[in-house]
Amino acid sequence: GSGGGPRAGAWRVVVSLPSGHEHGEDHVDVYRERADGTAVAVPPAGRAAREDVALAGMQVISSQGGGSSSAGVAVEDAAAAASSLRAVAVAPHGPSLPPLVLVPADAEAAAQGGRYSLAGSPVLGPYPPLEPLQQRRLAARRHDVTYVYDFPSVFEDALMDAWSARAAAGEPSCIPPAGKLVRSEELVPVPSCASDFRGGCRLTRAGGRPVGQNECGMVVWLMSLRTPECPQGRAVVAIANDITFQSGAFSPKEDAVFRAATELALDQHLPLVYLAANSGARVGLANEVRERLRVEWALPGEPTSGMRYLYLSEEDHEALSAMAASHCQPLGVVTEKRSAPDGSGTHHVLTDVVGLEDGLGVECLSGSGAIASAYAKAFKEGYTITMVSGRTVGIGAYLARLGRRCVQRSDQPIILTGFSALNKLLGRQVYTSQMQLGGPRVMGHNGVSHHVVRDDLEGVSTVLRLLSFAPATLGAPPPALPSSDPVTRPIAYAPAAGEKLDPRAAVAGRAAPMSAADAAPPNAGAKDGAVARAEAGWQSGLFDRGSWLESHAGWATTVVTGRARLGGQPVGVIAVETATTMRHLPADPGMPDSSELNIPQAGQVWFPDSASKTALAMEEFGLERLPLFVLANWRGFSGGQRDLFEGVLQAGSQIVEQLRTYKQPVFVYLPANSELRGGAWVVVDTQINATCVEMYADPTARGGVLEPEGIVEIKFRKPELLKLMARLDPVLQRARAEGDAGAAAARERVLLPLYQQVARQFADMHDTPQRMLAKKVIRSIVPWRAARAFFGTRLKRRLMEETLANHVQSADASISRASALTLVRSWHAAASASPDAWATSGPGSPVALAPDIASMMAAAGASAEPTNALFAEQMAADVVFLSWAETFGRSLIAQELRGLQSQAAARTVHQVLATAEGRDGLLRSIAVAARRDPVLAMQLRMTLAEAADEGAGGGGNLDALDANMRTPGPASSAAGAGGVGGGKQTNLRVQT
């Protein structure tokens, strides 16, 4: 400064990141010192200057609890800060500073308090003691767990990463909405029922309560997440254990809150996310009794003589009685009154201890049972995800399994009992850590954990990816997500002739091998050979690039399951591992005679674990309303003694049951170089669920009861081969004609290997897709390279049909699912056969769409081979149906639905009029409705007049109805009370 005024001092930048997940300017404070001991806080409006200060390379101070000390850089004036701070070099410890105090320049800055918490603090002053919130956060960090109230910030971080990844991949709709991506509102139990885990607890808004003021170890939020698939926001109910509150244990209070939140999610049709970090059911003792406990020894004053009984003195008994009265509770002990053996007074001998505090024993177990039931119901009727953020014990472990879709951190266990308790039970030191019992090497390989992640941020990101495949509200279709990956492109990855299909490359694509990065894919033409080069060394798979999310990657590795998208539409995927894998069975330290086992499992075979994995995946996908793709490539089920003992038959039966009850479209596809044989075909055949399941095959696929080698061993053995030789080989015929047995035998030995190849080739011809199509066990032959375009179109049509079938069943509940689909298809067939403008040359007509369909087929890489004719015809039909349903057919569909509603209403009325009680109740109901709706009354009078003129009969009832419509009577007052009619009249409501 000049003129003797205060000189400008150093800038101070304080960044407060207590949780490590904060974002935005609200967590950055900028101060400026003055030589006279005052400082000016930069107001929020100075955003550009603050950004320059933050980017200047200054030392950033992390502030916890509002206190900090810093070393800064002196700048002559505020105007120079924006231009010069970028080039300032900061000394490691900053310049030597006088003892200055930071004081706001004006009252407005001082009034902001929370923003500028260092105002008035000495620059070099020590950190103040941690406030209670920071103490809890530190306690959570000691458990290697994110503090419970920091999870909304973790969700914000994960959502920002999701939007950034989408933008980096060049996906459409990649700009995040303005403002915060996560809005959370804490819900707390109503005090009057806070401990009622039997279903009486209710949640209400916390009303802006400061974080960290929770009164139980369970925290609930109603979150709004602005995700890429739902940028307008999707609501979820989130439950989290607070591990800093009695180690996150479950007492009746926690059980009541958990059950209330679960029931809230079901009532509101919202997904439920559980963030687990707990120590199981709470255990405890009655401290108020323990502090007053006395012992009567067999010999007074000699503990070695043994205990006679435990008791309370008269004074202590009275104190407990007063304490119980103050809490409006009964006395927490059961006693027998005796005289002291030495005659010194009265002893209240303890027989039972109840305690004044709730949550000491069996009530916690009962509450655990209540929330186990509620969470299992939420999985079946709603949508649940469990993320194991910290160790989860006992009931917490059961919840992780009951809710399925479990995401486990790699450094946190899922256990039933701690290792030290097991060691005491076994009487020796056997286990050394909780991770040995329930870490990812156990839970990630036995089917409990779907996903294993490194930290909470990755875990929440996985939770959000799982949510992206789930409906925003239960019962709605899963949300589509636009993709830059065109659905009409051909599939670049293809196995070479004789090579087994790589399931993950077929599903998600892969990086092209270095030697093949500039070469055409195997068996591809010149045009198709450019596909891999066009994607910079990437060989695309069947589904949208970047959409694949595999589940249970470490369990039952002969089957691959997960979720993906096709044309932006979420689907469930089941594929088959073709390579031999190893099943690892660890040795149990608690069993000295056990040993580690590594059991090889052949590819393309269903074992007990992989069959169970398949059935469980079908169940989850079905509950999520996901269409299902099965890339079938199984040779059969394993049938050895061990496998039968371990339940391969039961698991295979579960596959049939899950497929039979599946409600969404199912596509069973035999991809390139695949085979489906024996019992493996049986459990995925279309006849298990003909309404939903369709089967297709690539031209190179094979299917049959046995493999060609097995068929030849049974049906084309050596005698049949010798007959074939004798009929076809002239040399053998001549040797036999000449009677030269030796020459004939020698010739047979030479020809036998060759004719065995002939037999295998002949048997293989019985397993081709052409025979499958002729026997109507598959719907079409779909080449692998064109499968994406075909199934993308077919999936859209099936989903459109399902939507229309839902409308049909809503209009008339008596129509079955299969009949509804047949009815929808008949509407389209009738429109296609009619000689109107749409069927001939209208917009979206088959004629108008012909060029688009031809270009789509060319883009998909479908050649003009005869085997492709049927699949091309079916694909064209799907395109035409979609065009009809979205354009011309909309009015026709609406008209047909109105007709169905009228028919259903008429049928209901006819059923009501079939009885005298029903007739009278219907008349009363119509009369009440007519009195409330003048327009309806006028319509009814006109209808009644027309019926009377036409001699429809029923004049008595018509007169009675007209009288009821004109004169208010008991019926109207009864209706006002919620009923129709009086006495024993039937209350009937007809909905049209």
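Predicted model: local features only at pLDDT ≥ 70, side-chain atom pairs only at ≥ 80, totals over all residues.

Is Ile714 buried, exposed or in between? Ile714 has 47% relative accessibility, so it counts as partly exposed, because that class runs between under 20% for buried and over 50% for exposed. The residue sits in helix α21, residues 708–715. Together with Val705, Leu706 and Ile711, Ile714 makes up a nonpolar surface patch, and the four share about 340 Å² of accessible area.

Now the rings. How many aromatic pairs does the structure hold? There are 20. Take Phe629 and Phe791: their ring centres are 5.6 Å apart and their planes stand at 90 degrees, so this pair is edge-to-face. Phe629 belongs to strand β28 (residues 628–631) and Phe791 to helix α26 (residues 787–811), so the pair links distant parts of the chain, 162 residues apart. Both Phe629 and Phe791 are buried.

Phe791 has another partner, Phe667. That pair is also edge-to-face, with 5.9 Å between centres and 65 degrees between planes. Phe667 lies in strand β30, residues 666–670, so its pairing with Phe791 in helix α26 ties together parts 124 residues apart in sequence. Phe667 is buried, as is Phe791.

Last, charges over rings. The charged end of Arg797 sits over the ring of Phe881, 4.2 Å from the ring centre. Arg338 has its charged end over the ring of Tyr309, at 5.1 Å from the centre.

That is what I have.

Definitions and conventions
Residues numbered from 1 in each chain as written. Heavy atoms only, no water. Patch = residues over 30% accessible without salt bridge, like charges linked within 9 Å, V, L, I, M, F, W, Y side chains within 5 Å. Areas by Shrake-Rupley, 256 points an atom, 1.4 Å probe, with all protein chains shown as cover. Salt bridge = Lys/Arg side-chain N within 4 Å of Asp/Glu carboxyl O. Helix = DSSP H or I, 4+ residues; strand = E, 2+ residues; numbered from the N terminus. Buried < 20%, exposed > 50% of the residue type's maximum accessible area, 1.4 Å probe, protein only. Phe/Tyr/Trp six-rings, centres within 6.5 Å; stacked < 30°, edge-to-face > 60°. Lys NZ or Arg CZ within 6 Å of the ring centre and 35° of its normal.
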